Amino acid sequence: MKNKVSRSAVIKRIFASLKPYRFSLVLSVIFGIVGVSLTPAIPVLVGRAVDLMVGAGAVDRDGIGPILWAIAGAAALSAVFQWLMTVVNNRITYNVTRDLRRAAFRTLQAVPVSYFDSRAHGGLVSRVITDVDAVSDGLLLGASHLFTGVVTVAATLVFMIRLNPVIAAAVAVLTPISLFVSRFVASRTYGYFKEQAEVREEQGAFTEEIISSQKVVKAFGREEDVRRKFRDINERYEKKTVRAVFFSSLVNPSTRLVNSIVYASVALIGALFAVSGAITVGVLSSFLAYASQYTKPFNEISGVISEFQGALACAERVFEVIDAERETPSDEGRELPAVKGAVELDNVNFSYFKDRPVLRDINLSVPPGSHVAVVGPTGCGKTTLINLLMRYYEPDSGKITLDGEDTSAVRRVDVRRSFGMVLQDTWIREATVRDNIALGKPDATDEEIAEAAKAVRAHSFIMKLPHGYDTVLSEDGGALSAGQRQLISVARVMLTAPPMLILDEATSSIDTRTELEISKSFEDLMAGKTAFIVAHRLSTVKDADVILVMRGGEIVERGTHRELLEAGGFYRELYDSLLRGVSDGQG
Amino acid sequence: MKLFRFTKGYRKETVLSPVFKLAEAILELLIPLIVAKIIDYAIPAGDTGYIVKMICLMAALGAVGFVFAVLGQYFAAKSSAGFGTRMRKEVFDKIESLSYSDLDRATAPTLINRLNSDSAQAQSGLNIVLRLVLRSPFIVVGAVVMAFTIDVRSALIFTVTVAALLLASAAVVLAGVPAFRRSQNALDRVTGVTRENMTGVRVVRAFVREKEEIKTYDEATAKHSRLQKIAGNISGALNPATYVIINTALILILRSGAVRIDAGAMTQGQVIALYNYMTQMLVELLKLAGLIVMLSRSWACAGRVSAFLNEKTDSKTEVPPCSPSVPCGGDVPRVRFDNVSAGYGEGSEPALSSVSFSAYPGQTVGVIGSTGSGKSTLVDLIPRFYDVRSGAVLVDGVDVRETDAASLRGRCGVAPQKAVLFKGTLRDNLLFGNPDATDEELTEAMRLACVDDLLETHGGLDAPVAQYGRNFSGGQRQRLTVARALVRRPEILILDDSSSALDYATDAKLRRNIASLDYDPTVFIVSQRTGSVKDADLIIVLEDGEVAGIGRHDELLASCPVYREIHDAVSGGEVSG
């Protein structure tokens with residue numbers, strides 16, 4: 001029941017998305033009716049012409065001429081209108097496709113960050129791309145096939161009845177049998193296809209995993225073992241495939257069988273009528289033409305209907321994305337005046353899941369320009385703290401203030417603009433180096449961009465790229481090393497010159513020597529700014545004005561490097577293990 | 001394309017399927033002749049008995065045709081499924097035989113596509129050819145042939161029509177294919193922007209780029225939509241064009257038919273038969289047009305599979321799971337590098353040059369240097385994942401190129417830089433190292449790798465492991481891959497940056513555990529931090545593929561500036577003793 005409701009809701013939504021194209025829809029319907037209803041006229045005209053050529057010396061050549069012209073006219077008009085209908089339908093379909101994608105994309109720009117954190121990106125992309133395509137192919141083009149199919153059936157029926165109601169009735173009653181036959185076969189096949197799909201999925205998962213880790217398989221010498229497993233799945237897949245493919249391919253022969261029965265019946269009744277003189281031979285030939293073509297629209301209709309089911313499911317998934325709950329618009333709220341950089345956290349609590357607190361009673365007061373380092377073991381809440389500062393997530397309780405302003409009351413965009421952020425996972429987009437650097441300041445001049453790149457020591461390697469700043473980078477950074485990618489992200493922040501900084505493990509994907517080389521860039525970047533530095537390399541943090549040691553969602557120690565060492569707590573422990581690592585050799 | 005060899009074992013089916021389809025088509029083509037007989041003889045003569053007889057014949061032809069068709073479909077399914085299965089097997093076998101250098105060249109997504117989607121497309125392509133595509137030429141050629149038996153002049157019209165149809169299809173395909181490609185490229189761009197905005201959501205929001213992103217997306221979707229329409233309008237012209245051509249031919253047939261009948265050279269029934277043939281052709285051609293689009297895709301996919309199978313690859317080197325240890329004299333180094341140089345691909349800069357050292361059982365060798373300095377290359381040469389360019393790598397005094405790669409790798413335990421696990425259970429994953437290990441041995445390996453706490457928190461060895469081990473943190477995965485290597489009790493243990501995600505305390509504990517192993521493995525520790533290698537008996541410092549220093553920790557601190565720099569970067573110069 002619930003299924004039914006949501007399905008009709010989905011259909012309603014589809015109609016709503018067609019609204020801007022009402023005029024085109026009307027055109028499409030007119031073109032379709034004209035184009036399609038002319039086609040059944042041709043067998044009638046041919047029949048008439050045939051009746052004028054009875055035998056040697058009994059041909060009415062003058063009468064045939066106009067009929068041939070009529071055929072030419074009908075065929076030309078029908079072709080033109082059908083093409084026009086296709087053009088209009090393409091317009092509607094591909095515009096709706098575009099509109100759906102845009103609507104989904106707008107939602108994705110407005111949902112909370114948690115939406116992406118809790119979902120597989122591949123699945124979301126496939127909703128926006130593949131599922132939308134399925135909607136346009138299956139529902140919209142499908143609907144146009146359905147419409148032309150129905151018009152063809154109706155128009156043909158009208159023509160047939162006018163020729164001879166009895167034979168028309170025979171065709172009209174017998175032909176839909178092919179529908180039932182193909183339905184029957186399809187319903188039987190569905191199960192086989194499902195079985196086949198299951199094995200295919202199993203095979204896909206297995207091969208993806210093995211091939212991605214092929215080097216491990218080789219290192220451990222397990223090739224024979226995985227080959228055996230693959231052979232086993234592959235053979236099962238073959239069996240299922242033969243069954244599914246064979247049974248599904250019975251549809252065509254079965255409908256052809258029904259078709260030949262219809263054809264034979266029409267031939268029989270028609271010939272008997274012709275003998276009695278009730279119809280002419282020409283009419284018989286028209287009926288035979290109808291009989292051989294009349295199944296086609298029925299098969300198309302049934303094909304479209306079975307595709308509808310799948311397309312509706314896809315549409316539902318698309319609307320789910322479009323309807324995803326948005327957070328309050330990020331430019332809603334009080335405007336935040338220029339920030340000096342005083343940050344305060346007051347009794348902040350946070351959890352991703354209700355029963356598992358991640359941050360507990362965090363209190364923190366950071367004066368402008370000071371550098372705060374956050375250290376602690378994995379999962380201690382370091383990155384969560386960043387999520388809250390950037391308002392990717394909102395605290396469960398407590399408040400965060402910037403220069404005394406409660407951030408939850410000011411515009412999210414202002415909060416974010418006041419921070420420059422460099423993350424561990426660099427994000428390079430498919431665009432030129434210039435566009436990648438100018439991400440936060442699209443109107444930056446070439447000089448400004450080069451200036452920023454020079455400041456972070458990225459200019460020289462950029463100039464070595466094939467096209468300098470115009471080199472198009474691929475999504476995964478392509479030819480750039482991890483360090484170079486990171487420098488591009490640093491240059492981005494350099495260019496926007498925000499009053500505060502967040503560096504979340506910004507150097508941990510870079511080896512220590514490269515880090516040494518770019519640490520100067522970071523120092524320049526941080527000079528005079530409030531900065532939050534998350535790191536597990538203690539070397540990165542020891543110059544900080546205050547180091548927060550986090551453990552299990554709480555700040556367990558705080559102080560300068562020297563103070564914390566003297567205090568002899570958890571920080572000392574962390575540091576000693578490092579020390580053991582480095583200095584034992586020196587005795 | 002040599003792919004047809006995959007129908008081997010299904011030759012009979014592959015041939016029989018089109019034979020039956022041909023037989024079905026011939027039966028279908030007989031129908032208009034029967035109708036002509038009825039019209040020309042039975043109706044004027046009023047012979048109803050003859051009519052009934054002919055109709056029964058028609059029905060019988062339909063029934064026999066059905067049986068033929070079913071057989072044809074069955075053989076087509078058999079043949080194409082067999083073809084696909086053999087092709088996939090061969091592709092997978094080929095993938096399994098790829099060397100490390102081959103794997104460096106071919107990315108995993110490419111291989112997966114060849115194996116799964118490309119071969120599936122090729123398989124369904126064969127099925128479509130056998131089942132549907134062959135039928136259309138049969139009917140079209142058959143209709144032309146039948147037309148010749150009826151009337152040569154009309155048959156010439158048929159021939160010209162077929163030529164015109166071929167031209168029209170070619171024109172539409174030639175114009176349509178590039179249009180579709182452009183539209184596909186535009187879609188790739190839309191997909192790219194969609195994905196980027198998911199992976200980069202934090203950056204996009206941090207820079208308050210939402211509005212710009214929407215603008216970019218609107219441009220990309222507008223372009224795609226426009227190109228889609230162009231491509232759709234071009235391909236949408238094929239059916240109306242076909243329709244016009246067929247009807248033109250029909251008009252010509254009726255015109256010449258009128259003249260011929262008038263002259264007594266043809267009968268009314270024969271004109272109707274020609275009309276029926278024309279109609280049959282139309283139906284088949286409309287179907288064929290749709291199939292050709294599908295088929296061209298299958299053809300491209302089959303081409304890719306074929307190219308992959310024909311690609312030249314390196315020597316086959318495969319290994320059994322585990323092999324017994326070979327005793328080794330104390331004076332022969334277990335691993336010796338003799339002036340070794342190595343590189344990836346011909347003509348490239350060497351990734352490693354002139355490396356020489358010896359390591360004995362029970363010794364630990366540290367390998368340190370920046371990213372790209374050749375650390376992984378060095379250790380990958382020991383199990384002969386790659387071959388040296390010059391010099392030699394010797395294990396127990398024997399050049400690795402002269403030993404059986406199988407037994408060589410059986411003696412090595414590797415924890416690779418990229419720590420991945422397989423879907424299954426913890427036990428499955430650890431047994432990957434050595435299928436004969438007992439649960440006690442597995443638990444012990446986990447303890448040594450400092451990851452035995454998972455046994456309690458995740459519910460023992462049967463704890464589920466997600467694909468790639470995603471349900472574990474990076475550090476847990478690293479330690480599990482170390483455990484997996486330890487399960488083999490290897491003579492040579494290679495830890496390729498296996499502790500980068502571990503905190504210092506755990507890293508140190510792990511190294512102490514490994515140092516305590518009673519079977520005296522030679523251990524290679526690759527790292528970016530001096531702390532992980534400072535206890536090593538020998539530390540090799542690499543810089544741009546060259547040895548920048550070799551010795552013990554304190555020696556290197558005194559003599560090797562690169563080492564000192566790395567050391568200082570980590571300790572921040574704070575450590576004074």
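Which residue takes a positive phi in the hairpin of β4(B) and β5(B)? Asp396(B) does, at a value near 55°, and the hairpin has 2 residues between its strands.

## Model and conventions

This is a predicted model: local features need pLDDT of at least 70, side-chain atom pairs count only at pLDDT 80 or more, and totals for chains, interfaces and linings use all residues. Residues are numbered from 1 along each chain as its sequence is written, while chains are lettered from A and ligands numbered from 1 in the order in which they are written.

Helices (H or I, at least four residues) and strands (E, at least two) are DSSP runs, numbered from the N terminus. Two strands pair if DSSP finds at least two bridges between them.

## Domains

Chain A is split into domain 1 (1–163 + 306–327) and domain 2 (330–418 + 528–587). The bounds come from an automatic or database domain assignment. The C-alpha centres of these two domains of chain A are 57 Å apart.

For chain B, the assignment gives domain 1 (1–150 + 296–315) and domain 2 (335–411 + 527–572). The C-alpha centres of domain 1 and domain 2 of chain B are separated by 57 Å.

## The interface between chains A and B

The interface brings 131 residues of chain A into contact with 139 residues of chain B. Contact here requires C-beta atoms, placed from the backbone, to lie within 7 Å. On the chain A side, helix α4 (residues 61–110) of chain A supplies the largest share, 25 residues. The chain A side holds 66 nonpolar, 37 polar and 28 charged residues. Ala, Val, Leu, Ile, Met, Phe, Trp, Tyr, Cys and Pro count as nonpolar; Asp, Glu, Lys and Arg count as charged; the others, Gly among them, count as polar.

## Helix pairs across the interface

Helix α11 (residues 251–276) of chain A meets helix α1 (residues 11–45) of chain B. Their axes come within 11 Å and cross at roughly 20°. Axes are lines fitted to C-alpha atoms, for helices over the stretch in contact, and angles run from 0 to 180 degrees between N-to-C directions. α11(A) and α1(B) are therefore roughly parallel. Angles under 35 degrees count as roughly parallel, over 145 as roughly antiparallel, 65 to 115 as roughly perpendicular and the rest as oblique. The crossing of α11(A) and α1(B) is right-handed. A crossing is right-handed if the near helix is turned clockwise from the far one by less than a right angle, and left-handed if anticlockwise. Ala267(A), Ala271(A), Ala274(A) and Val275(A) face Val35(B), Ile38(B), Ala42(B) and Ile43(B) in this contact. By class, the contact has 8 nonpolar, no polar and no charged residues.

Helix α10 (residues 223–248) of chain A and helix α2 (residues 48–96) of chain B have axes that come within 9 Å and cross at roughly 165°. That makes the pair α10(A) and α2(B) roughly antiparallel. Their crossing is right-handed. The contact of α10(A) with α2(B) contains 10 nonpolar, 7 polar and 10 charged residues.

## Sheets of chain A

One open sheet has 4 strands in the order β2-β1-β4-β5 (chain A), with antiparallel pairing. Its edge strands are β2 (356–366) and β5 (405–406) of chain A. Strand β4 (residues 397–402) of chain A pairs with β5(A) over 2 bridges. Leu402(A) has Glu405(A) as its bridge partner.

Another open sheet has 6 strands in the order β6-β9-β10-β3-β11-β12 (chain A), and its pairing is mixed. The edges are β6 (419–423) and β12 (554–559) of chain A. Twist averages 15° from one strand to the next. Strands β3 (residues 371–375) and β11 (residues 546–551) of chain A run parallel, joined by 4 bridges. Val374(A) stands opposite Leu548(A) there. Helix α14 (residues 382–389) of chain A packs on this sheet, and its direction makes about 145° with that of β10(A).

## A helix pair within chain A

The axes of helix α17 (residues 446–455) and helix α19 (residues 482–496) of chain A come within 8 Å and cross at roughly 125°. That makes α17(A) oblique to α19(A). The crossing is right-handed.

## Strands of chain B

Strand β1 (residues 335–342) and strand β4 (residues 390–395) of chain B run antiparallel, joined by 5 bridges. Phe337(B) has Val393(B) as its bridge partner. β4(B) also pairs with strand β5 (residues 398–399) of chain B, in the antiparallel sense, over 2 bridges. There, Leu394(B) is partnered by Asp399(B).

Definitions and conventions
Two residues are in contact if their C-beta atoms, placed from the backbone, lie within 7 Å.
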